[in-house]
Amino acid sequence: QVQLVESGGGLVQAGGSLRLSCAASRSIFGFNYMGWYRQAPGKQRELVAIITSGGSTNYLDSVKGRFTISRDNAKNTVYLQMSSLKPEDTAIYFCLARDGFENWGQGTQVTVSS
């Protein structure tokens with residue numbers, strides 16, 4: 001089983017940027033894909049971005065052009081660079097690593113003020 005630890009969340013003004021990190025307790029080579037999900041109060045968890053083991057990426061339409069997912073295999077870490085943040089991006093952001101099982105982190109809060 002893998003442990004995932006997210007960091008980098010916080011409070012930022014609209015238009016600002018944050019970089020989230022998801023550090024895995026073991027090599028991320030074995031994961032079919034890793035991704036970021038978010039859940040706002042009263043809403044369902046939604047997929048924000050994923051990156052496959054081959055490096056392919058996919059994004060939620062509302063974040064395309066503003067968010068970038070990347071991975072550093074040497075550091076066992078996946079990142080989510082978020083720019084031009086909007087109040088509607090406010091949510092708890094969770095990291096997911098899938099290798100036949102779904103492994104979730106504990107989440108990190110992102111709050112965007114208007």
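## A buried charged pair

Asp89 is buried, with a relative accessible area of 0%. This value, like the others here, comes from a predicted model. The side chain of Asp89 meets that of Arg66 in a salt bridge, with N and O 2.8 Å apart. Asp89 lies in the loop between strand 8 and strand 9, and Arg66 in the loop between strand 6 (57–59) and strand 7, so the pair ties together parts that are 23 residues apart in sequence. Arg66 also counts as buried, because its relative accessibility of 12% falls under the 20% limit.

Asp89 and Arg66 belong to a network of salt bridges that also links Arg38 and Glu46.

## Other salt bridges

The count of salt bridges comes to six. One of them joins Asp61 and Lys64, whose closest N and O atoms are 3.0 Å apart. Here Asp61 is exposed, at 60% relative accessibility, whereas Lys64 is partly exposed, at 47%.

Another salt bridge is formed by the side chains of Arg98 and Glu102, at 3.4 Å from N to O. Arg98 is partly exposed at 27%, and Glu102 is partly exposed at 46%.

In soluble globular proteins, nonpolar side chains tend to be buried together. The largest nonpolar core in this model has 29 residues, and Met34, Trp36, Leu80, Met82 and Tyr93 have the most contacts inside it. Among the elements giving two or more residues to this core are strand 3, strand 4 (33–39), strand 8 (77–82) and strand 9 (91–98).

## Ser21 in strand 3

Ser21 is located in strand 3 (residues 18–24) and is buried, with a relative accessible area of 16%. Beyond its neighbours within four places in sequence, Ser21 is in contact with residues including Val5, Trp36 and Val78.

Key
Residues are numbered from 1 along each chain as its sequence is written. This is a predicted model: local features need pLDDT of at least 70, side-chain atom pairs count only at pLDDT 80 or more; totals for chains, interfaces and linings use all residues. Side-chain values use heavy atoms; hydrogens and water are left out. Helices (H or I, at least four residues) and strands (E, at least two) are DSSP runs, numbered from the N terminus. Buried means under 20% relative accessible area, exposed over 50%, partly exposed in between (1.4 Å probe, protein chains only). Contact means heavy atoms within 4.5 Å. A nonpolar core is a set of buried Ala, Val, Leu, Ile, Met, Phe, Trp, Tyr and Cys residues joined through side-chain atoms within 4.5 Å. A salt bridge is a side-chain nitrogen of Lys or Arg within 4 Å of a carboxyl oxygen of Asp or Glu.
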